[in-house]
Amino acid sequence: MASYLTKVTGIASKAAEVVKTKVVPSAVKAYNATMAGGAEFVVKDPAAADKLGRQLVYTNLAKLPVMIEGAAAEIKVVERKWAGRMDLPMMEVGVAALFSAEVYAWMCVGEIIGSGGGAMSGYYY
């Protein structure tokens, strides 16, 4: 047992030495290069840094009306196409059917993965 503990301790110390000599310097170098490249974006004022989260949230909330208008315009296009569905070319009907089937298939895959299946095989419902 003591020899096993000595062996494990030796392996751990070698691993720590490799991390200290090979991994840490390259990580520090990459960090310094990243920070040097983005130095202009670092907020140094603590009050301004505290406001950043709220600014992000409210900036994105301000975009919602434009997105809603775009969605409403797309709904109008779909409604117009649905009203004239008997005049649609077969190619467009086929693309819509294929898209609907793909959306349904991805929903099914998501349900399988979300229920803990993780893979298609071995899924029992």
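Trainee: Why does Lys81 count as partly exposed?

Mentor: This is a predicted model, so everything here is computed from it. Lys81 has 39% relative accessibility, and partly exposed covers what falls between under 20% for buried and over 50% for exposed. So Lys81 counts as partly exposed.

Trainee: What makes the contact of Glu92 and Lys81 a salt bridge?

Mentor: Their side chains meet at 2.3 Å, N to O. The rule asks for a Lys or Arg side-chain nitrogen within 4 Å of a carboxyl oxygen of Asp or Glu, so the pair qualifies. Glu92 lies in helix 4 (residues 90–114) and Lys81 in helix 3, so the pair ties together parts that are 11 residues apart in sequence.

Trainee: Why is Ile68 called exposed?

Mentor: Ile68 comes in at 55% relative accessibility, and exposed starts over 50%. So Ile68 counts as exposed. Ile68 sits in helix 3.

Trainee: Which residues make the nonpolar surface patch?

Mentor: Val57, Tyr58, Leu61, Leu64, Met67 and Ile68 make a patch of about 610 Å². Helix 2 (46–62) and helix 3 (64–83) each bring at least two residues to the nonpolar patch.

Trainee: What about Lys22, buried or exposed?

Mentor: Lys22 has 61% relative accessibility, and the exposed cut-off is over 50%. So Lys22 counts as exposed. Lys22 belongs to helix 1 (residues 2–37). Between Lys22 and Thr59 there are 37 residues in sequence and 42 Å in space, C-alpha to C-alpha.

Trainee: What is the secondary structure of the protein chain?

Mentor: Four helices and zero strands. Along the sequence the pattern reads α-α-α-α.

Trainee: How does the radius of gyration of the protein chain stand against that of a compact globule?

Mentor: For 125 residues, a compact globule would have a value near 14 Å, whereas the protein chain has 28 Å. The box filled by the C-alpha atoms is roughly 80 × 55 × 25 Å along the principal axes.

Trainee: What share of the residues is buried?

Mentor: Buried residues make up 2% of the 125 in the protein chain. The accessible surface comes to about 11,200 Å², and 70% of that belongs to carbon and sulfur atoms.

Notes: Residues numbered from 1 in each chain as written. Heavy atoms only, no water. Patch = residues over 30% accessible without salt bridge, like charges linked within 9 Å, V, L, I, M, F, W, Y side chains within 5 Å. Areas by Shrake-Rupley, 256 points an atom, 1.4 Å probe, with all protein chains shown as cover. Buried < 20%, exposed > 50% of the residue type's maximum accessible area, 1.4 Å probe, protein only. Rg over C-alpha atoms; globule rule 2.2 N^0.38 Å.
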